[in-house]
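Dear colleague,

Please find below the structure I promised to hand over.

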Amino acid sequence: MANASAVRPDGIGGLLAIEVRGPVLVVGLNRPAKRNALNDGLIAELDACFATLSADVRCVVLHGIGDHFSAGLDLSELSERDATEGLVHSQMWHRTFDRIQYCRVPVIAALRGAVIGGGLEMACAAHIRVAEPSAYFALPEGQRGIFVGGGGSVRLPRLIGVARMMDMMLTGRVYPAAEGSAYGFTQYLTGEGGALAKALELAEKVAANAPLTNFAVLQALPMIAEANPQTGLLMESLMATVAQSDKEAKARIRDFLDRKTAKVRPGA
Ligand code: 1HE
């Protein structure tokens with residue numbers, strides 16, 4: 001990272017470690033003593049963080065401070081919750097994780113150690129997931145007598161398929177990083193200790209894209225992919241027309257034609 005980093009002045013409340021690195025906001029889940037278990041306070045801070053992204057942020061990197069991304073739901077808060085409170089809690093998580101998925105800018109999750117339960121649900125709301133070999137993925141909800149409540153049943157099957165998720169929940173199967181990468185949990189697998197650095201490297205690339213292209217990829221592409229084909233094709237045409245008429249697209253294409261930009265080569 002060439003840019004100097006600085007702690008974000010609002011610092012919110014201490015359960016997140018937030019750094020500004022040029023156009024990239026680096027958001028660390030900061031309860032390492034509790035393996036970044038997701039209590040209400042942490043979810044509230046995350047919600048506030050994503051709700052108040054400043055206009056100069058072009059990409060967010062989400063990671064866990066310590067050896068683990070997240071041990072999932074803070075189970076110590078669950079024991080006293082009745083059914084109505086459980087519903088409210090799940091919908092609170094949905095709102096917060098939606099803020100990640102429908103964020104104005106791309107979100108890249110850097111994963112190490114435990115990526116468990118709600119931690120996996122949170123990672124699934126990001127747009128790119130990078131894992132290092134220590135990362136492992138599990139849904140121990142079955143063993144705990146509960147169910148996913150943070151959007152996992154909506155988002156995870158789209159990445160790995162319903163059958164694999166059923167197996168994880170019924171048998172407690174744990175996927176190590178390499179297998180997880182092959183099966184679609186993550187798009188990148190790095191060397192040991194490399195996930196955050198790789199996420200930051202990717203974030204610099206992502207932040208350099210035309211904002212309208214990033215908007216189209218985050219907001220239009222998932223909708224188009226889920227739409228019926230005729231609706232999808234129309235939406236695609238409309239989005240393509242808007243994107244290519246933007247002055248940034250015209251400047252970038254002019255730069256290519258003038259041989260001012262890098263060619264597309266393998267290994268990029
Ligand atoms: C926790 C939690 C937690 C750790 N809630 N406190 N998630 C789980 O079922 C995963 C449960 N956690 C574990 O299996 C292990 O803690 C880990 C494999 C993640 C880490 O093991 P380790 O040996 O490094 O740490 P530890 O000694 O087990 O935990 C350190 C402390 O964190 C300890 O507290 P301490 O006060 O005794 O030091 C643990 O109690 C605490 N801790 N994980 C609360 N999850 C809305 S639907 C989503 C549903 C779910 O997410 S279900 C999955 C729940």
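The domain bounds used here come from an automatic or database domain assignment. On that basis, the chain is divided into domain 1, residues 8-207, and domain 2, residues 211-257. Please note that this is a predicted model, in which local features need pLDDT of at least 70 and side-chain atom pairs count only at pLDDT 80 or more, while totals for chains, interfaces and linings use all residues. Residues are numbered from 1 along each chain as its sequence is written, and side-chain values use heavy atoms, with hydrogens and water left out.

The domain interface

The C-alpha centres of domain 1 and domain 2 lie 28 Å apart. Nine residues from domain 1 and five residues from domain 2 take part in the contact (heavy atoms within 4.5 Å). Between them the two domains bury about 620 Å², with 46% of it on carbon and sulfur atoms; buried area is the accessible area (1.4 Å probe) that two parts lose on being put together, summed over both. In domain 1, the residues that lose the most area to domain 2 are Arg58, Tyr102 and Arg158, together 46% of what that side buries.

One salt bridge is found across this interface, the term meaning a side-chain nitrogen of Lys or Arg within 4 Å of a carboxyl oxygen of Asp or Glu. Glutamate 226 forms a salt bridge with arginine 158, and their closest N and O atoms are 2.7 Å apart.

The ligand

There are 24 residues around the ligand, and Lys34, Ala71, Leu73, Gly118 and Arg144 come nearest; a residue is counted if one of its heavy atoms lies within 4 Å of the molecule.

- Alanine 71 places a backbone N or O atom 2.7 Å from a nitrogen atom of the ligand.
- Leucine 73 has a polar backbone atom 2.8 Å from an oxygen atom of the ligand.
- Glycine 118 has a polar backbone atom 2.7 Å from an oxygen atom of the ligand.

On its own the ligand has 1,000 Å² of accessible area, of which the protein covers 65% (Shrake-Rupley method, 1.4 Å probe).

Yours sincerely

How values were computed
Polar contact = N/O pair within 3.5 Å; in protein donor to acceptor, adjacent residues only side chain to side chain.
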